[in-house]
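Please read them beside the sequence and the model.

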Amino acid sequence: MSKDPHVIDLPKKVIIGNKVLERLPEIIREMGDYRRIHVVTGPHVKRIAGEVVLEGLSRQGIDFEVSIINSPTLQEAEAVLDEVRAFRPELVVGLGGGKAVDAGKYVAAKMKIPFVSAPTSASHDGIASPFVSLLGGGRVTSEKAMPPLAIVADVGVISTAPKRLLRAGAGDLIGKFTAVLDWRLAHRLKGEYYGAYAASLSLLSAKHVLAASEVIGGGSSEAVRIVIEGLVSSSVAMCIAGSTRPASGSEHLFSHALDIVAHYPALHGEEVAVGSIMMAYLHGKNWKRLRRAAEAIGLPTTAKELGVKDTDIIEALVMAHKIRPERYTILGESGLTYEAAERLAQKTGVIE
Ligand SMILES: [Zn+2]
């Protein structure tokens, strides 16, 4: 059931446009009198977009330190946390791909200070969500953080990132179809709190992706805007629901299971899209429509395209319900048998 009162924290500012990264120091200045800032970034970001941000911070008279994150592990995030504790900033900026943004969000949450998300790619909804997922001990942990104080998404910079990342972001959004179906099911069968508004908002972001699949496949700056807006909307849906429920269901469980079985064979959003096609079939929905959209976007739809063996898909399907046992989905409490999983993957053309 919903908590009473139900408190909703939302991002204060979302800025999407060309050359907005150059304005990041000013934007931060406008949001408050922040004098000490910690920038968490990736190994290559400094070269692409970081210099202009760091120069801008100096010009604004803001004192800053920079930490580089190489992989999205809890261990690395903890190491950054030690650096941040020593510097004692008033605000953290996550500047880079999903890893840097997630690590920055994690340290900001631990320090209980505001966070600004400045993504340089749009590969999953972590760029705007109030949750952070990091790898640790061979599993994914999803922890509640605060929503970013601001999201500054530079369309020009994100356009120059590999197209595969943008397509994966669209794949993460296709997953909202089945995430919402699973949430409804959990509400009906388990009496779990269900927020119709949050569910509709999340679903809307998936519908936009379906309607614009050709455009997204083309990878233009319009495609970048559509995907970013979808990722932000889905994140706002999580803020409203107070959980990842509107954004993550059985298709995400499949993706996490596949990462365990085949050691991160593909991008998160690519795996989620394939998972969503299969889970839509189990829900009795129009899974072919999802597959057509995924194909138009240029996402993988088969085991081969994901770079895994057919048996990896089946094993991941069999294991998926155990990933987060408290999250009830179409996979039920006892999951799929090997035979049922094989049939499902064959029926939907994921395996031969
Ligand atoms: Zn996701």
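1. A crossing of two helices is called left-handed if the near helix is turned anticlockwise from the far one by less than a right angle, and right-handed if it is turned clockwise. Helices (H or I, at least four residues) and strands (E, at least two) are DSSP runs, numbered from the N terminus. By the crossing rule, α6 passes α8 in a left-handed crossing.

2. The model is a predicted one, in which local features need pLDDT of at least 70 and side-chain atom pairs count only at pLDDT 80 or more, while totals for chains, interfaces and linings use all residues. Residue numbers start from 1 along each chain as its sequence is written.

3. The domain assignment of the protein chain, which comes from an automatic or database source, gives domain 1 (13-160) and domain 2 (163-347). The centres of the two domains, taken over C-alpha atoms, are separated by 26 Å. In the interface, 21 residues of domain 1 are in contact with 24 residues of domain 2; two residues are in contact if their C-beta atoms, placed from the backbone, lie within 7 Å.

4. On the side of domain 1 that touches domain 2, the elements giving two or more residues are β1, β7 (139-144), β8 and α5 (155-160). The largest share of that side, three residues, comes from α5. By class, the side of domain 1 that touches domain 2 has 13 nonpolar, seven polar and one charged residues. Here Ala, Val, Leu, Ile, Met, Phe, Trp, Tyr, Cys and Pro count as nonpolar, Asp, Glu, Lys and Arg as charged, and the others, Gly among them, as polar.

5. An open sheet is formed by six strands in the order β1-β8-β5-β4-β2-β3, with parallel pairing; two strands pair if DSSP finds at least two bridges between them. Because β1 (13-17) and β3 (63-68) stand at the edges, each with a single partner strand, one side of each is left without a neighbour in the sheet. Strand β5 (residues 115-119) and strand β8 (residues 150-154) pair in the parallel sense over two bridges, and V116 has A150 in β8 as its bridge partner.

6. Helix α1 (residues 24-31) packs on the sheet and touches β1, β2 (36-41), β4 (91-96), β5 and β8; its direction makes about 165° with that of β8. Axes are lines fitted to C-alpha atoms, for helices over the stretch in contact, and angles run from 0 to 180 degrees between N-to-C directions.

7. Helix α3 (residues 74-87) and helix α4 (residues 98-111) pack at about 50°, with their axes 9 Å apart. The two helices α3 and α4 are therefore oblique to each other; angles under 35 degrees count as roughly parallel, over 145 as roughly antiparallel, 65 to 115 as roughly perpendicular and the rest as oblique. The crossing of α3 past α4 is right-handed. In this contact, E76, A77, V80, L81 and V84 of α3 meet A103, Y106, V107, K110 and M111 of α4, a set of eight nonpolar, no polar and two charged residues.

8. How do α6 and α8 lie relative to each other? The axes of helix α6 (residues 163-174) and helix α8 (residues 196-211) come within 8 Å and cross at roughly 130°, and α6 and α8 are therefore oblique to each other. Residues A170, L173 and I174 in α6 meet S205, A206 and V209 in α8; by class, the contact has five nonpolar, one polar and no charged residues.
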